[in-house]
Amino acid sequence: MPTIFTKIINGEIPCYKIAEDDDFFAFLDINPNAAGHTLCIPKKEVNKILDLDEATYMGLMAFSRKVGKAIEAAVPCERVGITVIGLEVPHVHVHLIPLHTMKNATFQYKEKLEPSAFEEIASKIRAALK
């Protein structure tokens, strides 16, 4: 059975897409630690990051870096934090989180955003990717 992330990639579930190439996909987290919190995933459905083949692992890191630099340019923050936890969805995902304080990295505090705010943030990050 496909994961929720595979369904997002396939367009079965809507998302606020940031970037996509042949192998990877990035979209805003709908339950963000901070505005601009983005998930980068391989299109290949693999549960654990260390189970990725080396080329996919390295590609995911390069893709995440590119998206992270765009977040840093588009979203005011001290820095962009990177974490891989992946217990919620059995599909590798890299969290890119704009950090203002350490609480943004804890996953205990969530920011509520309106759809228009998600759209605006996604648009700014996409523009920074160009």
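User: Which cysteine sulfur is closest to the sulfur of C40, and how far away is it?

Analyst: In this predicted model, a disulfide would need two cysteine sulfur atoms within 2.5 Å. The closest cysteine sulfur to that of C40 is too far for a bond. It belongs to C15, at a distance of 12 Å.

User: Is C40 buried or exposed?

Analyst: A residue counts as buried when its relative accessible area is under 20%. For C40 the value is 0%, so C40 is buried.

User: How many disulfides does a search of the whole structure find?

Analyst: A disulfide is a covalent bond between the sulfur atoms of two cysteines. C77 is partly exposed, at 23% relative accessibility. Over the whole structure, the number of disulfides found is zero.

User: What pattern of helices and strands does the chain follow along the sequence?

Analyst: The chain has three helices and five strands. Read along the sequence, their order is α-β-β-β-α-β-β-α.

User: Why is the chain said to be as compact as a globular protein of its length, and what is its radius of gyration?

Analyst: For 130 residues the globule rule gives 14 Å. The chain's own value is close to that, so the chain is as compact as a globular protein of that length. Its radius of gyration is 14 Å.

User: What share of the residues of the chain count as buried?

Analyst: The C-alpha trace spans about 35 × 30 × 30 Å along its principal axes. Of the 130 residues, the share that count as buried is 44%.

How values were computed. Residues numbered from 1 in each chain as written. Predicted model: local features only at pLDDT ≥ 70, side-chain atom pairs only at ≥ 80, totals over all residues. Heavy atoms only, no water. Helix = DSSP H or I, 4+ residues; strand = E, 2+ residues; numbered from the N terminus. Rg over C-alpha atoms; globule rule 2.2 N^0.38 Å. Buried < 20%, exposed > 50% of the residue type's maximum accessible area, 1.4 Å probe, protein only.
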